[in-house]
Amino acid sequence: MCARNSLYTNIKPCKHLADYKLRRGFNGYNSLQNCLKTTRYGRSRVDKHDTTIPRCSFCNGYQGRLYKCLMCSSISCSSHVLLHTQSENGHEVAFDIDRSELYCCLCCDQVYDPDFDKVVVSKQVRDLPGGKSNGFEVCSGRSSKRRRLDSGIELDLKKSKQLISMRDRRAKSCYPLGLRGLNNLGSTCFMNSVLQALLHAPPLRNYFLSDRHNRDQCRKRSGEKLCLLCDIDAISSAMFSGDRTPYSPAQFLFSWWQHSSNLASYEEQDAHEFFISVLDGIHEKESKVRNSSKDDGDCQCIAHRAFSGLLRSDVTCITCGFTSTTYDPCIDISLDLEANNFSSSHVANKPIKTDEKMGLSTLSGCLNLFTRAERLGSDQKLYCQNCQELRDSSKQLSIRKLPLVLCLHIKRFEHSLVRKMSRKIDQYLQFPFSLDMTPYLSSSIVRSRFGNRLFAFEYDNSDSSAEYEIFAMIAHSGMLESGHYVTYLRLKNQWYKCDDAWISEVDEGTVRASQCYMLFYVQKMLYYKSNEDLSCMRISPRRDPCVSTAGCC
C-alpha cells in the first residue's frame, strides 16, 4: 500500500498464512501455477484432467467446495478440510480448486494475499492467445523502481499495453481517457461491470473528478477510516489518470462488504442488486455528512441527483371510477420482457432478418407493458374511499419525473416459489441508442386516458428533457448459476467492451446481439456535453503520485 492509504483499516492479515510464507516463501505459489487453467470467462481454476475427478481424500466425494492443501497437495471437501489440518501440523492454508482463492482452514475463511494474486494474474496472461511466458514478471522482492498500486499488484506498463492489443485485434493506438480494465478478484465481474457504468455516468464522473468528495478531508472531518465514497473517488482518479494498467478495486470491495454485510461473500452476486447497494451506500454516507433527514425524492446526494426519478401510481375503482394517486421515488425501472418464445440463440452471431424482427421483444414494448393499465385480481381488492368498501380496481404506472441518468433493468431471472425453481430468460431484446421517454410520462399517460380537459400545468414535465442517449449497457451471458457480466461503453459514438481487465473496441452489431441486463441512458444534452468534456479532460490532479501516467497517443 502507498503511504496515502495508511489511514485505511486494512484487512487483518491471517497469521497462519504469514507463518506459511515464512516457512515456504513463494515456492508453493509458483508450483501451484503449473496446474492452473484459465477458463473462457477469464477465471483461473485447477486443471481437471479428463480421466481424473478431484475427490476428497477422507470421504472420496466430489460435492461441495474442494480445497487443495498447499503443503502436501491433499484434496479435502469443505466438510473435512478442518480434519486434514488437525491431522497434519502446519497444513493450515489451502487452495479453492474452483475459485483460485486461498482458504485458511483454522480461520474458516478466505484470505487475501497480493503476492498470490500476482501468480494467478501471471498465469491468466500466459494462457491468452499470443501470450508469452514472461508476459508478467512475478517477483517476491521489493524494488524502488516499480510502481506500487493500491491493489498490491505490480504490472509493467509496456506489457499491459501489449496485453490490451492481444484482445483488440485491430490494435488501436489510443483509447479515450477513462478506459481502463478492472481485475477480477474472484467472481467479481458483477462489481466490475457496474463500476464501469457508474464511473462513466457523466454526473458521477464530473462529481468525483471535480473533487466534490475529497477523501483526505473526508477522513479528517468524519474520522471514519472506511468510506465507500472515498474508495469510489480513489477508483475514479485511477481510472482517469491516463494509466492503462488494469486496476484492482480490492479496497472498494472490502468497504462494500462492510456496508452490505448480507452480500459479503466470494459467491457471484447479481449486478442489479450490487448497483442498488452502491447507490444506497453513497446516499447513507452523504446523508450523514449533510445531517439530512429528507426523503429520497428530495435528497441532494449525488446518487439521487443523478439517478432519482418519480413514479406515479393511479389506482382506479372499477365500480365508481374514483382514482387514488400516489408518488414513489425510484432510482431505476425494472421491466418485464414481452411474452414470446423467441430466444436470443436465434440471433447470436448472425444478422436479424426483417421477418424475424416482429417476433423479438423491444424496449418500447417493455415500456408500454410497464405503463399499461392492469386489472388487479379478485384477491387484491382495495378499499375505495368513495364507495367506502373493498372494490375491484385497476392500476397504472407512469413516470412523473425523469432522472438525469435513466437506468432500465431487464428482468431476466425468474424465481417461482410454487415450482421451487429459478431460470434465466434468454429472450433477445431490441433497444434503441436514442430514446424518447415522452410517451411514458404521466402527462402523456393521463391525457391519453382523460383527454386534454385537465389543466396542463398539473402534469407538465417541461422541467426535464425526455430525450436520452445510451452510454452504457451491462450484458449477461451464460446460465443462471454460472454466468458472466460484461459492460459495453459508448464513448464518442464508439463502443468498447469492458470484460474485467480487458478492453476492446466492438461494433454496434456486437452490442445489439448481447443479452442486455441493464441499460444506462443519459439526457441527450448531457451526453453530447460529456463527449466534448472527455476530449479535453485534464488528468485528475489528485492521482496517485506513485503511479506513472501514460497519456493518450
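R512 lies over the face of F433, 3.9 Å from the ring centre, and this placement, like everything described below, is read from a predicted model.

In one of them, the rings of F252 and F274 have their centres 6.2 Å apart and their planes at 80°, so the pair is edge-to-face. Because F252 belongs to helix α10 (residues 250-259) and F274 to helix α11 (residues 271-290), this pair ties together parts that are 22 residues apart in sequence. F252 is buried, with a relative accessible area of 1%, and for F274 the relative accessible area is 1%, so F274 is buried as well. Ring pairs link F252 and F274 with F190 and W256 into a cluster.

Since Y485 lies in strand β22 (residues 483-491) and Y517 in strand β25 (residues 516-523), the pair ties together parts that are 32 residues apart in sequence. Y485 is buried at a relative accessible area of 4%, and Y517, at 2% relative accessibility, also counts as buried.

From the rings we turn to the nonpolar cores. The largest nonpolar core has 65 residues, and those with the most contacts inside it are F252, W256, F275, F307 and F520; helix α6 (residues 189-199) gives the most to this core, with 8 residues. Leaving aside neighbours within four places in sequence, F275 is in contact with V194, L198, F307, I331, D332, C407, M518 and F520. A second, separate core of 35 residues includes L406, I425, M437 and I470.

The strands give a further view of the fold. An open sheet is formed by 5 strands in the order β4-β3-β5-β6-β7, with antiparallel pairing, and its edge strands, β4 (75-77) and β7 (109-111), each pair on one side only. Neighbouring strands of this sheet are turned by 40° against each other on average, direction ignored. Helix α1 (residues 15-24) packs on the sheet, where it touches β5, β6 (101-104) and β7, and the direction of α1 makes about 100° with that of β5. Within the sheet, β3 (residues 66-69) and β5 (residues 93-96) pair over 3 bridges, and K68 stands opposite F95 in β5.

Elsewhere, strand β15 (residues 393-401) runs antiparallel to β8 (residues 309-317), to which 8 bridges join it, and in β15 the bridge partner of C317 is S393. Strand β12 (residues 374-375) is joined to β15 by 2 bridges, also in the antiparallel sense, with S394 of β15 as the bridge partner of R375.

Terms used. Residues are numbered from 1 along each chain as its sequence is written. This is a predicted model: local features need pLDDT of at least 70, side-chain atom pairs count only at pLDDT 80 or more; totals for chains, interfaces and linings use all residues. Side-chain values use heavy atoms; hydrogens and water are left out. Two strands pair if DSSP finds at least two bridges between them. Helices (H or I, at least four residues) and strands (E, at least two) are DSSP runs, numbered from the N terminus. Axes are lines fitted to C-alpha atoms, for helices over the stretch in contact, and angles run from 0 to 180 degrees between N-to-C directions. Contact means heavy atoms within 4.5 Å. A nonpolar core is a set of buried Ala, Val, Leu, Ile, Met, Phe, Trp, Tyr and Cys residues joined through side-chain atoms within 4.5 Å. Buried means under 20% relative accessible area, exposed over 50%, partly exposed in between (1.4 Å probe, protein chains only). Rings of Phe, Tyr and Trp (its six-membered ring) pair if their centres lie within 6.5 Å; planes under 30 degrees apart count as stacked, over 60 as edge-to-face and the rest as tilted. A charge sits over a ring if NZ of Lys or CZ of Arg is within 6 Å of the ring centre and within 35 degrees of the ring normal.
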